[in-house]
Amino acid sequence: MKYALVTGASRGIGRAVSLALAQQGYTIVMNYHSNHEAARQVAQEIEAAGGKCELCPFDVSNPEEVEAAVAKWTEAHPDDYISVLVNNAGVRHDNLMIFMQNDEWHSVLNTTLNGFFYLTRRLLKDMLTHRGGRVINMASLSGLKGLPGQTNYSAAKAALIGATKALAQEVAPRKVTVNAVAPGFVETDMTKDLDENQLKETIPMKRFGKPEEVADLVAFLASDKAAYITGQVISINGGLYT
C-alpha cells in the first residue's frame, strides 16, 4: 500500500490533489480541520473512482493534535508508512498591516508555517528510514512576489519556500525530495472574495487557474518521474509573475 497525507484536503486545491494522487494508486490520508461533511464528500468521490481514502481530522497548527493523530495512524498501520506528504493547509486573513490584529498574523503563520514544521518533522523519520519520500509544500505567488494586504500570508509562504530549500538539502541523500508549488490565482474558496474580472486583466493568460491544474503538478512531483527534482519552487500562475 502507498499512502499520501494531504492537509486541508476537504476543499479547493487539497481536494483536487487528493483525487489526483488517488488516481495514481495512493491511499489518501485526508486531513481537514472541522468540515466533516465536505471531507466525507471528497472521500466518497475518491472511493467512487476506485480509490481508497482514510479521514484524519486534526489541527495542523496544534502540535499535540498532530502527534496524537500520527501516532494513532502509525499504530493502526504498523507495517506501512506515509511516503508522500502534501502540506496544503492554509488560511487567509487579509488586512493592511497598519490595521492587522495579532490573531490575524498568528493564525496565518501558525497554520502555514508551524503546521508544516509539526507534521513534516513527525513524518520524516519513516521516510528517511525507508530511503524514499516526497514532501510537497503549497506555497503561493504571494510568497514570491508579495501582495499588498497580505503581509501575513506573504510572510508565511515566503518562509515556507525558504524551509523547502533548506530541508531539501538535509534529506536528499536519503532519496527524499522536498519541493514547493506556488500557485497564482486559482478558482477556490480562498479566492472567491477577489475581483476575478479585474485580476484576470493582470494575468497574461487572462484567466484564473483550476485546482486540477495545480493537482496535476503535485501528482507529477509525487511520482517516480520527479526523483531528481528537489529544492525547487515551481510557479503555476498563467505567466503572472515570471
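Helix axes are lines fitted to C-alpha atoms over the stretch in contact, and the angles between them run from 0 to 180 degrees between N-to-C directions. Helices (H or I, at least four residues) and strands (E, at least two) are DSSP runs, numbered from the N terminus. The structure is a predicted model, in which local features need pLDDT of at least 70 and side-chain atom pairs count only at pLDDT 80 or more, while totals for chains, interfaces and linings use all residues. Residues are numbered from 1 along each chain as its sequence is written, and side-chain values use heavy atoms, with hydrogens and water left out.

The axes of helix α3 (residues 63-76) and helix α4 (residues 102-129) come within 9 Å and cross at roughly 30°. The two helices α3 and α4 are therefore roughly parallel to each other; angles under 35 degrees count as roughly parallel, over 145 as roughly antiparallel, 65 to 115 as roughly perpendicular and the rest as oblique. Contact means heavy atoms within 4.5 Å. On the α3 side, P63, V66, E67, V70 and A71 meet Y118, L119, R122 and L123 of α4. Seven nonpolar, no polar and two charged residues make up this contact of α3 with α4. In this classification, Ala, Val, Leu, Ile, Met, Phe, Trp, Tyr, Cys and Pro count as nonpolar, Asp, Glu, Lys and Arg as charged, and the others, Gly among them, as polar.

Helix α1 (residues 12-23) takes part in a contact with helix α8 (residues 211-222), where the axes come within 8 Å and cross at roughly 50°. Helices α1 and α8 are therefore oblique to each other. From α1, the residues G12, I13, R15, A16, V17, A20 and L21 meet P211, E212, V214, A215, V218, A219 and A222 of α8. The residues of this contact comprise 11 nonpolar, one polar and two charged.

Helix α1 also approaches helix α2 (residues 36-48), with axes that come within 10 Å and cross at roughly 25°. Helices α1 and α2 are therefore roughly parallel to each other. Here R15, S18, L19 and A22 in α1 meet V42, E45 and I46 in α2. The contact of α1 with α2 contains four nonpolar, one polar and two charged residues.

The elements giving two or more residues to the lining are β1 (2-6), β4 (82-87), β5 (133-138) and β6 (176-183).
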